[in-house]
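Q: I would like to learn how to read a protein model feature by feature. Could we begin with what it takes to call a residue buried?

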Amino acid sequence: MGKTLVIGAGGVSHAAVHKMAMNSDIFTHISLASRTKSKCDAIAASVKERVGVDIDTYALDAMDVAATVDLIRKTGAEILVNLALPYQDLKLMDACLEAGVHYLDTANYEPEDVAKFEYHWQWAYHDKFREAGLVAILGSGFDPGVTSVFAKWLKKHKLDTIRQIDVLDANGGTNDQAFATNFNPEINLREVLQDAKHWEGGDWKVTPAMSHKVEFDFPGIGPKNMYLMYHEELESLSTHFPEIERARFWMTFGDAYITHAKVLQNVGMTRIDPVMHNGVEIIPIQFLKTLLPDPGDLGEQTKGKACIGDIVTGQAKDGSGEKTYYIYNICDHEECFAEVGSQAVSYTTGVPAMIGAAQVLKGNWNEPGVWNMEQLDPDDFMDMLNAHGLPWQVHELDGPVSF
Ligand code: NDP
């Protein structure tokens with residue numbers, strides 16, 4: 001149904017491009033561009049071997065709008081799928097507007113020098129995309145992404161209103177590394193070490209990072225400690241479902257991860273401002289990323305399961321009063337690796353990126369403008385999750401969460 005240009009050749013891109021190639025009726029031609037062309041070539045070679053589909057590869061600095069516009073025109077792409085880093089979002093949106101193509105990403109824009117996870121920069125593009133007759137989809141990963149579609153599906157089929165929502169992200173995977181992040185270490189540590197913020201009673205409540213811990217028994221995994229933290233979908237969900245009284249995000253971390261993260265922070269290794277080192281300017285967190293394992297390379301040694309979902313409470317559509325539902329997916333690291341050569345965190349982000357792009361190419365999400373996932377119709381997206389490796393389940397709970 002359409003030609004696609006993917007930007008970025010990291011762990012998420014690896015999974016997404018394989019899944020696009022497996023759906024060549026929708027993704028009729030795939031081009032892949034990134035800063036380092038050899039990484040694109042490695043993905044293309046793996047896709048050719050596993051799926052038998054040819055992919056064009058290019059070197060591109062995504063901060064260069066003119067070069068991106070030229071590449072979009074050269075490839076004839078109808079949609080650009082941004083799987084690079086959040087720093088590139090606005091430049092890539094500019095390039096899409098200039099070249100006249102649709103846009104999709106998995107993480108909201110961040111300036112490199114401030115760790116702020118806020119949507120206003122990208123929401124400011126809404127009129128430009130609407131006037132150009134183009135669609136921009138923000139946050140089509142798992143969280144944000146599927147967790148927002150889950151909330152929308154509950155609101156469409158089960159609940160008239162959402163009073164409270166908890167997004168629960170558990171990674172029960174293990175590998176033989178002393179310290180490794182699930183996805184890009186720089187972005188991951190910026191996210192984890194910021195203040196925890198949640199929406200409650202019409203305002204943001206701020207608490208220190210990693211200060212609020214709860215044990216939760218995750219389906220498919222078992223009991224794990226999860227920590228309250230800020231995540232970008234809290235802003236879009238509380239904006240688009242204004243009736244929400246409380247929205248929180250929780251993620252599991254092992255004790256060793258917390259200890260390493262705190263030590264690295266205490267010694268200054270997670271600083272995002274430039275420092276002089278032997279006459280050379282370096283940004284400590286970027287140097288740290290160079291030292292840490294590349295999460296995209298951990299697939300073969302990662303074992304166990306991830307479970308991500310929402311617990312949502314609100315008034316039932318059938319007038320039966322307040323109901324609470326838990327909707328989630330369980331994903332197995334080793335099964336992901338066997339299928340596409342990725343661990344589950346890359347897979348659970350890459351598959352929804354493919355499905356979101358498919359919604360645009362199929363014409364299901366065709367209203368021009370800039371949209372978060374909970375603003376769009378969830379049904380075909382939810383069907384595609386079941387069909388393409390991320391099956392979900394929904395269960396009614398006895399009552400609202402007690403933590
Ligand atoms: P990686 O670091 O593995 O990959 C990022 C890729 O982007 C690399 O290939 C990198 O190139 C490329 N890149 C960086 N800067 C540029 C540039 N200026 N021009 C062109 N290419 C560039 O990251 P991940 O795959 O782990 O994550 C990708 C995205 O997915 C991130 O934005 C992350 O926040 C998001 N994400 C979203 C999740 C969700 O559920 N919504 C969950 C996990 C991740 P090079 O190889 O040369 O460094």
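A: A residue is called buried if 20 or more other C-beta atoms lie within 10 Å of its own C-beta atom, and exposed if 12 or fewer do. In this structure, which is a predicted model, buried residues make up 49% of the 403 residues in the chain.

Q: Which value of the radius of gyration does the chain have, and what would a compact globule have?

A: For 403 residues a compact globule would have a radius of gyration near 22 Å, and because the chain has 20 Å, the two agree. Taken along the principal axes, the C-alpha atoms of the chain fill a box of roughly 55 × 55 × 40 Å. Within the chain there are 14 helices and 18 strands, and among contacts between residues at least 6 apart in sequence, 73% join residues at least 24 apart.

Q: How many residues does the largest nonpolar core have, and which of them have the most contacts inside it?

A: In soluble globular proteins, nonpolar side chains tend to be buried together. Here the largest nonpolar core has 113 residues, and those with the most contacts inside this core are Ile7, Ala16, Val17, Leu32, Leu80 and Ala136. Helix α13, which covers residues 344-361, gives the most to this core, with 11 residues, while at least three residues are drawn from each of domain 1 and domain 2.

Q: What are the bounds of the two domains, and what separates their centres?

A: The domain assignment gives domain 1 as 2-138 and domain 2 as 146-340 + 392-397, and 24 Å separate their centres, taken over C-alpha atoms. The contact between them takes 16 residues from domain 1 and 15 residues from domain 2. On the side of domain 1 that touches domain 2, the residues divide into 8 nonpolar, 5 polar and 3 charged.

Methods:
Residues are numbered from 1 along each chain as its sequence is written. This is a predicted model: local features need pLDDT of at least 70, side-chain atom pairs count only at pLDDT 80 or more; totals for chains, interfaces and linings use all residues. A nonpolar core is a set of buried Ala, Val, Leu, Ile, Met, Phe, Trp, Tyr and Cys residues joined through C-beta atoms within 7 Å. Helices (H or I, at least four residues) and strands (E, at least two) are DSSP runs, numbered from the N terminus. Domain bounds come from an automatic or database domain assignment. Two residues are in contact if their C-beta atoms, placed from the backbone, lie within 7 Å. Ala, Val, Leu, Ile, Met, Phe, Trp, Tyr, Cys and Pro count as nonpolar, Asp, Glu, Lys and Arg as charged, and the others, Gly among them, as polar. The radius of gyration is taken over C-alpha atoms; the globule rule is 2.2 Å times the number of residues to the power 0.38.
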